[in-house]
Amino acid sequence: MTTTPIEQSRKLVTEIPGPLSRELATRRRAAVSSAVSVGLEVYIDRAEGAILVDVDGNHLIDLGSGIAVASVGHADPGVVAAVTGQVARFTHTCFMVTPYPGYVELCEKLAEVTPGDHEKKSALFNSGAEAVENAIKIARVHTGRKAVVAFDHAYHGRTNLTMALTAKVQPYKQGFGPFAPEVYRMPMAYPYRWPTGPENCAEEAFAQFVSQVHVQVGEENLAAVILEPIQGEGGFIVPAPGFVARLAQWCTEHGIVFIADEVQTGFCRTGDWFACEHEGVVPDLIATAKALGGGLPIAAVTGRAEIMDAPVVGGLGGTYGGNPVSCAAALAAIETMTGNDLAGRARLIGQELEQRLSRLAAEFPQIGEVRGRGAMMAIELVRPDGSKTPDAALTKAVLAGCARRGLVALGCGTYGNVIRMLPPLVIEPALLAEALDILAESFTEAVG
Ligand code: PLZ
């Protein structure tokens with residue numbers, strides 16, 4: 001089946017959302033649980049590169065990549081060919097019943113692209129939460145310990161154990177308890193909001209971590225420390241430089257498994273294959289998902305062979321984990337990342353984002369901070385009185401302005417006051433520039 005290419009430019013032919021989307025919205029309200037929320041209710045018909053085409057024929061610019069998934073772009077030709085080829089050969093056998101080469105090849109690839117040159121093994125799953133949960137299971141068996149430390153502002157998923165790891169109650173945990181036990185939360189090295197200033201952040205946050213773990217948990221009881229090397233849902237919080245490396249080093253000294261949750265940061269997003277690399281950190285285990293599958297659901301835990309082999313034979317698995325179609329997609333996505341130097345692209349996008357957002361911040365005191373790395377950049381919105389009071393209402397208004405103009409952008413942050421940029425890494429420079437013009441326009445309008 002061939003389709004005509006989608007022009008990489010914005011085009012609005014109706015108001016947003018258009019009549020056909022509004023009709024579907026009515027049907028959604030009758031048929032879909034209201035607990036599943038929708039950000040921008042335009043229904044998508046096709047997508048390519050960094051453009052989403054809705055059912056009314058509007059071409060929207062995608063600055064969200066379906067939450068950091070479409071890094072290789074929508075309908076990457078390599079992914080499309082690999083997926084259609086695999087669908088025609090076979091779609092499922094269950095790797096635990098009768099295996100297939102794609103699963104093994106993908107685990108080999110993961111060993112190659114993840115940080116560190118030690119012996120590595122992987123296990124494949126379906127979602128980021130499932131990968132995180134399995135990483136904790138593996139760390140517990142390996143250490144024979146139970147406790148796990150996660151951080152303020154962390155997001156790790158919506159299953160029972162990962163809800164416990166996730167910091168924010170609304171909406172992720174509201175009414176869903178009781179949560180998994182033996183999860184302890186420590187302060188995050190969040191430079192912008194560190195009480196004594198960003199220059200003291202790494203050292204003081206690490207000191208608090210060490211003393212609180214000692215008093216509240218006991219190092220000898222701690223199986224794993226899990227951290228997003230740049231926090232995603234929590235607000236694109238880049239830990240103060242040195243914090244991640246000190247944590248990882250401390251874990252090694254105490255026989256604790258250091259788990260990097262690179263579900264959002266992984267696979268070229270931050271300008272390296274993995275965000276940990278920027279800090280020179282080699283995690284014991286690394287959880288990945290999202291961009292790995294080039295749009296198909298797949299996730300992985302990759303790490304030191306001796307840790308990955310700790311559970312009993314048959315201890316890890318699942319019916320669909322490492323589905324053959326998803327493995328084919330992932331192998332093709334990784335090839336596109338390598339062949340098109342998407343890490344390099346992410347760095348260039350990062351430069352452009354930083355320049356443009358900093359210019360905006362110079363104009364608007366409501367932008368408290370511009371932060372991030374590579375194609376994972378954000379602005380944190382605050383009251384313009386120097387108090388750093390989060391402004392979630394302004395954030396919503398800016399995002400609504402973007403949506404009306406045909407730009408899909410996402411909010412995030414513990415206080416709902418961060419606008420994040422997660423463009424497909426293949427976005428053309430002119431389209432990115434247009435997206436940033438729209439953001440500036442929407443900002444000006446919302447500030448009033
Ligand atoms: N770890 C770091 O960012 C998913 C969540 C969207 P799943 N982030 C998007 C929502 O509201 O559900 C995420 C992440 C990090 C784990 C996960 C979980 O990945 O594939 O959504 O399970």
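In this predicted model, P178 is placed in the loop between α6 and β6. The peptide bond that joins G177 to P178 is cis, with omega of about 5°. P171 is likewise found in the loop between α6 (160-165) and β6 (183-186), and a cis bond, with omega near 0°, leads from Q170 to P171. Most peptide bonds are trans, and most residues other than glycine have a negative phi.

Backbone geometry also stands out at two further positions. A75, in the loop between α2 (65-68) and α3 (77-89), has a positive phi near 55° without being a glycine.

**Ligand site**

The ligand has 14 residues around it, of which G128, A129, R158, D261 and Q264 come nearest. By class, this shell consists of 5 nonpolar, 4 polar and 5 charged residues.

| Residue | Protein atom | Ligand atom | Distance |
|---|---|---|---|
| A129 | polar backbone atom | oxygen | 2.8 Å |
| D261 | N or O atom of the side chain | nitrogen | 2.7 Å |
| Q264 | polar side-chain atom | oxygen | 2.8 Å |

The ligand taken alone exposes 510 Å², and the protein buries 82% of that area.

**Helix α12**

The buried residues of α12 are L342, A343, G344, A346, I349, G350, L353, R356, L357 and L360. An α-helix has 3.6 residues a turn, so residues three or four places apart point the same way. In α12, the buried set includes A346, I349, L353, R356 and L360. Among the elements that cover the buried residues of this helix are the helices α11 (324-339) and α14 (429-447). The cover also includes the strands β11 (367-373), β12 (376-381) and β15 (418-421).

S65 lies in helix α2. With a relative accessibility of 1%, under the 20% limit, S65 counts as buried. Leaving aside residues up to four places away in sequence, S65 is in contact with A70, R269, L422, P423 and P424.

C412 is placed in strand β14 (residues 410-412). Its relative accessibility is 9%, and C412 therefore counts as buried. Which residues does C412 touch, apart from those up to four places away in sequence? The contacts of C412 are G232, E233, G235, F236, N417, V418 and R420. One of these partners, E233, is 179 residues from C412 along the chain, yet the C-alpha atoms of C412 and E233 are separated by 5.3 Å.

Note on methods: Residues are numbered from 1 along each chain as its sequence is written. This is a predicted model: local features need pLDDT of at least 70, side-chain atom pairs count only at pLDDT 80 or more; totals for chains, interfaces and linings use all residues. Side-chain values use heavy atoms; hydrogens and water are left out. Buried means under 20% relative accessible area, exposed over 50%, partly exposed in between (1.4 Å probe, protein chains only). Helices (H or I, at least four residues) and strands (E, at least two) are DSSP runs, numbered from the N terminus. Contact means heavy atoms within 4.5 Å. A residue is near a molecule or strand if one of its heavy atoms lies within 4 Å of it. A polar contact is a pair of N or O atoms within 3.5 Å; within protein, one must be able to donate a hydrogen and the other to accept it, and residues adjacent in sequence count only if both atoms are side-chain atoms. Accessible areas come from the Shrake-Rupley method with a 1.4 Å probe; for residues, only the protein chains shown count as cover. Ala, Val, Leu, Ile, Met, Phe, Trp, Tyr, Cys and Pro count as nonpolar, Asp, Glu, Lys and Arg as charged, and the others, Gly among them, as polar.
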